[in-house]
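Let's take a friendly walk through a protein model, one stop at a time.

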Amino acid sequence: MESRVLIDEAAIARRVAELAKEIAGDLPDQSPMVVGLLTGSFVFMADLVRAASRLGIQPEVDFMAVSHYGATMEASGIVEVHKQTSLDVRGHAVLLVDDILDTGRTLSLVRDRMVEREPAWIRTCVFLDKPSRREVDVTADYVGFEVPDVWVVGYGLDAAGAGRELPYIMAVEPDEDRADETDEQ
Ligand code: 5GP
Ligand code: MG
């Protein structure tokens with residue numbers, strides 16, 4: 001398995017500061033509820049709320065746990081919420097944060113469920129976006145970076161449980177078997 005750095009630490013820091021500024025400019029008040037989707041968003045969330053704090057934003061922070069079954073079940077788009085937020089979002093400004101927007105099933109479902117709880121304002125923010133993989137019609141209001149259809153690891157995102165701690169984003173190339181198949185000409 002080969003990997004290369006796709007987005008380095010300096011680029012991440014610059015972009016997160018820009019995103020925080022963009023979001024801070026749109027927020028209806030200075031104390032939004034920022035809700036991240038575990039586990040992948042934890043690093044991005046930590047940087048984003050601190051960048052927002054430098055702009056005077058004082059958020060309440062919470063996480064939800066959601067799983068999207070892959071492989072065979074992916075086709076049926078089963079997304080399960082394991083942990084809801086305990087924040088009472090009704091009438092508040094809510095920013096939903098995820099690590100990456102892929103098929104879109106997770107963010108779409110979580111956003112719909114959140115809307116039912118009647119926040120006064122709701123926006124979505126993802127660190128990465130893989131638009132080529134989209135299966136449902138959903139876009140995020142704030143996107144850090146667009147990435148191609150490669151498996152990305154680091155900055156909270158894992159490969160089979162590993163690599164979340166990396167302070168940059170790596171692209172993991174397909175393993176040799178698959179590379180052989182694709183390279184066959
Ligand atoms: P979807 O948009 O397909 O419902 O799911 C998005 C979730 O799939 C992300 O929150 C993330 O957990 C996972 N995911 C999608 N693409 C990648 C990737 O390239 N790397 C990693 N580590 N996770 C991914
Ligand atoms: Mg995730």
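## A residue in the first helix

Setting aside residues up to four places away in sequence, R15 touches E22, V143, G144 and F145; contact here means heavy atoms within 4.5 Å. R15 is part of helix α1. Helices (H or I, at least four residues) and strands (E, at least two) are DSSP runs, numbered from the N terminus.

Is R15 buried or exposed? R15 is buried, because its relative accessible area is 18%, and buried means under 20% relative accessible area, exposed over 50% and partly exposed in between (1.4 Å probe, protein chains only). The side chain of R15 also makes a polar contact with the side chain of E18, at 2.7 Å. A polar contact is a pair of N or O atoms within 3.5 Å; within protein, one must be able to donate a hydrogen and the other to accept it, and residues adjacent in sequence count only if both atoms are side-chain atoms.

## How the model is described

This is a predicted model, in which local features need pLDDT of at least 70 and side-chain atom pairs count only at pLDDT 80 or more, while totals for chains, interfaces and linings use all residues. Residues are numbered from 1 along each chain as its sequence is written, chains are lettered from A and ligands numbered from 1 in the order in which they are written, and side-chain values use heavy atoms, with hydrogens and water left out.

## The overall fold

The protein has five helices and nine strands. Starting at the N terminus, you can follow them in the order β-α-β-α-β-α-β-β-α-β-β-β-β-α. Of the 185 residues in the protein, 44% are buried. Among contacts between residues at least 6 apart in sequence, 67% join residues at least 24 apart.

## Helix α2 and its cover

Helix α2 covers residues 42-53, and its end C-alpha atoms are 16 Å apart.

Which residues of α2 are buried? They are V43, F44, M45, L48, V49, A51 and A52. Their cover includes α1 (9-26), β2 (33-38), β3 (60-68), β5 and β6 (121-129).

## A residue in strand β2

L37 sits in strand β2, and L37 counts as buried because its relative accessibility is 3%. Leaving out neighbours within four places in sequence, L37 is in contact with F63, M64, V66, V97, D98, T106 and V110. L37 and D99 are 62 residues apart in sequence, yet their C-alpha atoms are 7.7 Å apart in space.

## Around ligand 1

Now look at ligand 1. It has 15 residues around it, of which D99, T103, T106, V152 and D158 come nearest; a residue counts as near if one of its heavy atoms lies within 4 Å. The elements β5 (93-101), α4 (105-116) and β8 (151-153) each supply at least two residues of this shell, and β5 gives the largest share, three residues.

Which atoms lie beside the ligand? A nitrogen atom of ligand 1 is 2.7 Å from a backbone N or O atom of D158, and a nitrogen atom of ligand 1 is 2.8 Å from a backbone N or O atom of V152. An N or O atom in the side chain of K130 lies 2.8 Å from an oxygen atom of ligand 1. The protein covers 86% of the 510 Å² of accessible area that ligand 1 has on its own (areas come from the Shrake-Rupley method with a 1.4 Å probe; for residues, only the protein chains shown count as cover).

Note on methods:
The expected span of a helix is 1.5 Å times one less than its number of residues.
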